[in-house]
Structure formats: C-alpha cells, structure tokens
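Q: I have a structure open and would like to go through it step by step. Could you help me read it?

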Amino acid sequence: MKPSLSLKPKSSVILSFLLAITILCALPAWSADMPQAVRQALKRAGIPEAAVGIYVKEVSSQQPVIAVNSETALNPASVMKLVTTYAGLELLGPAYSWRTEIYALGKVEDGVLRGDLALKGYGDPHLNLENFWLLVRQIRQAGIKEITGDLLLDNSYYNVTMGDPGAFDGDRYKTYNIFPEALLVNYRTSALHLIPQEENNIVRVVADPASELLDLQNNLKLTRGNCGDWSNQLRVEVRERQSGNGRTTVILNGNYAMQCGHNTYYLSLHENQDYIHDLFKKLWRQQGGSFNGVVRNGVVPKGTAPLKVYHSPPLAQIIRGINKFSNNVAARQLYLALGDTTIPPNGHTSVSLAQSDQTIRHWLLTKRLNLPELILENGSGLSRTERISASQMGELLVAAFHSPVMPEFISSLPIAGVDGTMKSRFQGTLVAGRAHMKTGTLNEVATIAGYLLDHKNRRNVIVFFVNHAQAANARSAMDALIRWVYERA
C-alpha cells in the first residue's frame with residue numbers, strides 16, 4: 001500500500017501559488033475595473049460606481065478592455081437612436097425614402113381642380129419647409145392652378161395613439177415632445193429668431209414660418225452683459241386661441257444679451273391640420289395658385305390613383321440629422337417605418353409600435369445579438385422605460401462596424417470637436433476628429449456611446465451609461481474614459 005501524500009506547510013504554499021497562477025492564466029485577458037481617473041471623476045461628481053455601466057472593446061478583439069456593470073440594463077436616453085438607425089440602414093437600406101402621395105379628388109379642367117386636394121403621408125421625417133415647398137411645386141407643375149374644394153389630410157397609415165405632448169416632462173410646447181404623425185410637416189415647429197439690434201436697443205423677434213395663427217408679444221430687453229444660458233433666461237408664456245380668433249399668443253419676457261448674437265427658440269404651438277393648412281395656403285398662393293377651402297382629416301378612397309408622389313431624401317442623409325443633432329421626432333418616425341417590413345402583401349394597411357418592436361427583435365436574432373434586457377418604447381430614447389445594457393450596446397456597435405452599412409452609420413454620428421452634439425467637446429485635443437460618439441441626456445440620465453480611433457490607430461467601441469440623480473455631473477468622468485482609451489498602451 002502506498003503511503004498517503006503529506007505536504008509540508010511550505011510545499012502547500014508553493015502549490016497554492018502555482019494553482020493561482022494557473023487560474024489567472026486561464027482567465028480572459030481583460031480587466032473589469034475602471035481606470036483610476038474615471039473613478040476619481042465619478043467620486044467628485046457624487047456618482048457611485050454601482051450607478052454606471054461601462055463597456056470598452058476593440059472592434060477586432062474577442063474580449064472587452066473594460067467591463068463595469070456591463071450586463072446591467074440601464075436607460076440609454078438618446079443613445080437608443082443607435083439601435084434604431086443601425087436597424088433602419090440594414091432593414092430598409094441607405095437609399096430608402098418615404099413617400100407622400102398627392103390626390104386630386106375631382107376632375108381637373110383647364111387648370112381647375114373641381115374637388116378636394118388630398119395629401120396622404122407615410123411618415124416622412126424630413127418634410128421640412130424647403131421640401132414641403134417642393135411638394136407644393138409638384139402640384140403646380142401637374143397643371144393645377146385653382147382648387148375649388150378643401151384640403152384633405154390622410155394620416156391613416158399610422159396606428160398610433162396620440163397622447164398628451166406634455167406628459168413626458170410637462171413642456172407640451174417643446175418640439176422634442178411632438179408625437180409622430182404619418183403626415184407631419186416641418187415637425188409642426190415655429191422658429192422664433194432672436195436678433196439683437198444695438199442701433200435701436202431692441203431684440204427683434206421674427207417667426208418662421210410667418211403664420212396667420214400666431215400673435216407675438218415681444219417684451220425682451222437688450223442687455224450688455226455676458227450671454228450665459230440665454231434660452232433659460234427667457235420667460236415664454238403661451239396663450240392658446242385668444243379672443244376667439246383661433247390665434248395663439250406667445251409672450252416673450254426677460255433679458256437677452258447683445259453678446260448672444262442671433263439665436264433661435266423653437267416651439268410647437270399648433271395642431272397638425274391647422275399648421276399644414278396655414279402653410280399650404282401661403283406656399284400655394286406664393287406660386288400663383290388659388291385656394292380658399294378649409295382643412296379636414298380623412299381617408300383617401302381606396303382604388304384612387306395618386307396625381308403625384310413626392311419622395312423624401314434617402315435614409316442615409318436623414319439619419320445624420322437623427323444622430324448628429326438627436327432629432328427625437330425623426331427617430332420615432334424611422335422606428336415606425338421599421339414596422340412596415342412586417343406587413344405582408346395585401347395585409348395590414350397601417351403600422352404600429354408593436355410591429356416595429358417585433359421587427360427589431362427578429363433582426364437582432366438574425367445578427368446573433370442576444371439582448372434579453374432590451375426594452376423598446378419608441379426607439380428615440382425619449383422614454384423613462386427604454387433599457388439596454390452597456391455590453392449589449394457595445395456588441396451592437398461592434399456588429400455595425402463589420403456591417404456593409406458601416407460607412408453610412410459611422411458618418412451619421414457626431415464627431416468630437418467638429419459637429420453635432422460633440423462639437424464643443426475635445427476641441428483642440430488629440431481626440432478631436434477621432435471620436436464618433438452619440439450622446440444622451442434625460443433627467444437623472446447621462447450617456448455616451450460610439451467609436452474612438454486611439455493613438456495606435458486601433459478602433460475602439462466605448463459605451464458609458466450613468467443612471468443617477470447626479471448624472472448631469474458625469475461629463476468629466478466620460479471624457480476621462482475617452483482620454484484613457486485614446487492613450488492606453
């Protein structure tokens with residue numbers, strides 16, 4: 001019988017050491033810890049490490065460089081637009097365009113439409129002032145000069161419940177709170193241009209587009225101090241439909257510094273049909289047309305052939321506005337467009353949020369992206385319920401880098417120190433021009449995600465989510481992480 005093996009204390013220590021080395025060598029070659037500079041910045045900001053999710057990975061590597069709370073599902077704010085725009089590029093294609101159909105509901109004789117003119121929308125997110133002018137011009141080029149009937153607006157393509165625009169944060173007139181509509185012109189926006197005029201010691205206010213529905217009371221005082229946060233120094237009061245004339249009154253109070261120069265304050269003041277009617281009348285008459293009808297919502301009769309079809313710019317162009325300037329309304333319209341891919345031939349005639357959710361989840365499965373914690377509400381990030389983890393967002397960005405639509409996707413992101421929401425960050429540093437990053441901000445939420453080309457020309461994916469009461473102070477920590485990734489060995 002062989003004697004039992006007996007280890008002396010010294011031998012036991014050596015064996016334990018060798019075993020520990022073996023285990024360490026078997027572990028993935030990445031650190032779950034965050035850089036010290038980031039940890040210190042979070043501490044100064046009053047943000048606990050448990051409230052953040054961080055994921056950093058080279059696009060060609062198997063393992064992340066950093067993963068901190070990376071599996072925790074957090075609110076991504078506007079960074080959720082990366083999911084929507086990447087899905088849009090792959091499922092719809094960079095050349096995809098939205099259509100708006102124009103119908104003559106009556107006979108056209110000698111340039112006179114004896115009946116109604118109808119516009120049917122399919123969710124064009126870029127039907128701004130210039131493009132709506134082009135649409136009206138197409139109608140004039142079709143040979144119509146006079147319309148004897150009314151303007152019919154068909155929004156039936158969207159099966160979406162319209163709610164209270166102020167429900168999200170109480171600011172019902174803010175343009176980011178506009179609900180998606182199948183026929184949406186210029187985001188129903190009134191732009192108030194503030195122009196200081198030193199020679200007259202006044203602040204001139206010009207509404208664009210000029211509207212018969214709007215009264216302006218300008219009580220702004222021109223000052224000589226520093227500009228500061230000019231928009232928060234304004235006191236804007238909105239009074240709807242004053243004196244029974246159907247007009248909305250906007251009263252501007254407060255100070256506006258000469259140093260601020262020309263700025264624009266955006267509001268959404270009017271109902272959709274009133275806004276389109278007012279703008280259509282103005283553009284139609286500018287182009288020599290005659291129209292005195294009213295506006296009403298309705299549905300174009302089935303089987304009616306369109307007189308003209310207006311097409312939007314391509315998706316590859318539109319997503320630049322969505323990502324670079326964080327356009328919530330356009331993102332929501334794109335999200336709904338994804339639901340169109342689930343409609344079978346001769347099947348449904350409208351799209352819904354549920355169809356879009358189904359489309360994205362099926363697409364993610366085909367990409368072998370397992371996102372069980374993903375919660376989608378509207379695809380824009382303007383949501384209290386949307387959730388995704390830092391690692392899920394990071395792996396989605398890695399997949400996007402290896403996708404055929406990578407050039408269009410990355411070019412839509414803000415460039416550090418150059419444009420969009422990253423224009424003022426990293427200016428004059430080595431990071432400027434080398435980071436394509438999408439930012440997100442909500443109350444108690446601050447996020448950033450995208451790509452960084454480091455000093456060794458390695459392409460890195462960076463995701464940094466903060467969900468905490470002090471999230472507004474997280475920028476220094478995020479910038480510290482980006483600098484660390486750029487400089488790392």
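Q: Which residues does Arg 320 touch, not counting residues up to four places away in sequence?
A: Arg 320 touches Phe 325, Ser 411 and Ser 412, when residues up to four places away in sequence are not counted. Contact here means heavy atoms within 4.5 Å. This is a predicted model, in which local features need pLDDT of at least 70 and side-chain atom pairs count only at pLDDT 80 or more, while totals for chains, interfaces and linings use all residues. Residues are numbered from 1 along each chain as its sequence is written, and side-chain values use heavy atoms, with hydrogens and water left out.

Q: Where does Arg 320 lie?
A: Arg 320 lies in helix α7. Helices (H or I, at least four residues) and strands (E, at least two) are DSSP runs, numbered from the N terminus.

Q: Is Arg 320 buried, exposed or partly exposed, and why?
A: Arg 320 counts as partly exposed because its relative accessibility is 36%. Buried means under 20% relative accessible area, exposed means over 50%, and partly exposed is in between (1.4 Å probe, protein chains only).

Q: How far apart are Arg 320 and Leu 453?
A: In sequence they are 133 residues apart, and in space 20 Å, C-alpha to C-alpha.

Q: Which residues of α7 are buried?
A: They are Leu 315, Ile 318, Ile 319, Ile 322, Asn 323 and Lys 324.

Q: What do the buried residues of α7 pack against?
A: They pack against α3, α8, α11 and β19 (435–442).

Q: At what angle do α3 and α7 pack?
A: The angle is about 180°, and the axes of α3 and α7 are 11 Å apart. That makes α3 roughly antiparallel to α7. Angles under 35 degrees count as roughly parallel, over 145 as roughly antiparallel, 65 to 115 as roughly perpendicular and the rest as oblique. The axes are lines fitted to C-alpha atoms, for helices over the stretch in contact, and angles run from 0 to 180 degrees between N-to-C directions.

Q: Which residues of α3 and α7 meet?
A: From α3 come Lys 81, Leu 82, Thr 85, Gly 88, Leu 89 and Leu 92, and from α7 come Leu 315, Ala 316, Ile 319, Ile 322 and Asn 323. By class, the residues of this contact divide into seven nonpolar, three polar and one charged. Ala, Val, Leu, Ile, Met, Phe, Trp, Tyr, Cys and Pro count as nonpolar, Asp, Glu, Lys and Arg as charged, and the others, Gly among them, as polar.

Q: Now α2 and α12. At roughly what angle do their axes cross?
A: The axes of α2 (residues 36–45) and α12 (residues 475–487) cross at roughly 175° and come within 8 Å. That makes α2 roughly antiparallel to α12. Ala 37, Val 38, Ala 41 and Leu 42 in α2 meet Ser 476, Ala 477, Ala 480 and Leu 481 in α12. This contact has seven nonpolar, one polar and no charged residues.

Q: Next, the largest nonpolar core. Which residues touch the most other members?
A: Of its 48 residues, these are Ile 360, Met 393, Leu 397, Phe 409, Tyr 451 and Val 463. The largest share of this core, eight residues, comes from α10. A nonpolar core is a set of buried Ala, Val, Leu, Ile, Met, Phe, Trp, Tyr and Cys residues joined through side-chain atoms within 4.5 Å.

Q: What does Met 393 touch?
A: Leaving out residues up to four places away in sequence, Met 393 touches Val 79, Met 80, Leu 82, Val 83, Ile 388, Ala 449, Val 463 and Phe 465. A second, separate core of 34 residues includes Ala 416, Val 431, Met 437 and Val 485.

Q: Which two residues does a cis peptide bond join?
A: It joins Asp 208 and Pro 209, with omega about 5°. Pro 209 is found in the loop between β9 (202–208) and β10 (214–218).

Q: What about Arg 368: what is its phi?
A: The phi of Arg 368 is near 60°, a positive value in a residue other than glycine. Arg 368 is in the loop between α9 and β18 (388–389). At 80% relative accessibility, Arg 368 counts as exposed.

Q: Finally, the whole chain. How many helices and strands does it have?
A: The protein chain has twelve helices and 21 strands. Of its 489 residues, 51% count as buried.
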